[in-house]
Amino acid sequence: MQLEEAASDRLRLGGLVGHSVVMRDLFRQILRAAASEASILITGESGTGKELVARALHDNSSRAKGPYIRVHCAAFPEQLLEGELFGHARGAFTGAATAREGRFEAAHGGTLLLDEIGEVPLSVQVKLLRVLQEREIERLGENQTRKVDVRIIAANAPGLAGHGQPRRIPRRPLLPVAGASAACPALRERREDIPLLVSTMLTNMLERHPGRDIQLSNEALDALGAYSWPGNVRELVNALEYAMVHVDGTSILRATAAGDTGSRPPGWRNTSRGRSGSCYATGAALLPRSGAAGRAEKEILIIALKETGGNKAAAAEKLGMSRTTLWKKLKQYGID
């Protein structure tokens, strides 16, 4: 019950942001899995934040003070991946002038993320299974076993890339070794999170560009909400960064985000107003304010207050607005 309450009260968990039902469910999955030592499989389309989930799992686990090591398995040729994971002895192969520890040893006492686990060759998967079962590794060129204390997190994308283009069929990973799982929802499955995501992203972007005061117009936000986002949150970030570069003045408009070049990202074009109500932006703070969107705003305010223990100053900072603005909104919605 405490876990359910912890998940339902959150607007964010680590780098993950959202208040939709599917995100609360994801927060619940993360907190439940983080409390165990089981190996975990994270699934989700490209751009949905699988690495952020892995990091949140590590940071909320008993291993949070230990190392967090990531290996992008698809980035290494088959002949190099084994040495990268398990290390090698001096003279194990041509050019191995010194011994080198692998990622498993580097992650001792902490967490090892194996990203794109589906790309791991079967020969290496067999050795991975032994590590998971025996908690020991052998460096290439050695007969000596070395004990390792590592929590494994594996991440894998589905058979189709985010933009609907077929991808190379991955090698079958040893997924049964995973004792727990977490599924990252696509952005199209949680459109109600877009205002909060945009607010958070704009805040972060403006922190890197002090002195700027960029706002998002109602038209632009409606366009973002109506778009399908095949590239998920990563594509949304790219669209906002693009708009920040091309904005004329202080307001991001769908029609003028890329001038007349026609080269603007899909999120800013070929879309129509997809929802009722309107939105407003003050500095980097962006929240809906009428109809169903107004109910969503009230819910966001309540969640922020719960997460900060009723501290209005902290809640205002979390939402990216001034304390005066927050006070007015609380009064508007009758929130004590």
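**Close-ups of a predicted model**

**View 1. Arg 135 sits in the loop between H6 and strand E8 (136–138).** This is a predicted model, so treat each view here as a look at a prediction. Arg 135 isn't a glycine, yet its phi is positive, at about 60°. Is this residue buried, partly exposed or exposed? With a relative accessible area of 29%, Arg 135 is partly exposed, because that label covers values between 20% and 50%.

**View 2. Glu 116 is another loop residue, found between strand E7 (111–115) and helix H6 (122–134).** Here, too, phi is positive: about 55° for Glu 116, even though it is not a glycine. Glu 116 has 15% relative accessibility, so it counts as buried; the cut-off for buried is under 20%.

**View 3. Now for the largest nonpolar core, a set of 37 residues.** Which members touch the most other members? They are Val 198, Leu 216, Leu 224, Trp 229, Leu 236 and Ile 252. In soluble globular proteins, nonpolar side chains tend to be buried together.

**View 4. Zoom in on Leu 236 and the residues it touches.** Leaving aside residues up to four places away in sequence, Leu 236 is in contact with Leu 187, Leu 197, Val 198, Met 201, Leu 224 and Trp 229.

Note on methods
Residues numbered from 1 in each chain as written. Predicted model: local features only at pLDDT ≥ 70, side-chain atom pairs only at ≥ 80, totals over all residues. Heavy atoms only, no water. Helix = DSSP H or I, 4+ residues; strand = E, 2+ residues; numbered from the N terminus. Buried < 20%, exposed > 50% of the residue type's maximum accessible area, 1.4 Å probe, protein only. Core = buried A, V, L, I, M, F, W, Y, C linked by side-chain atoms within 4.5 Å. Contact = heavy atoms within 4.5 Å.
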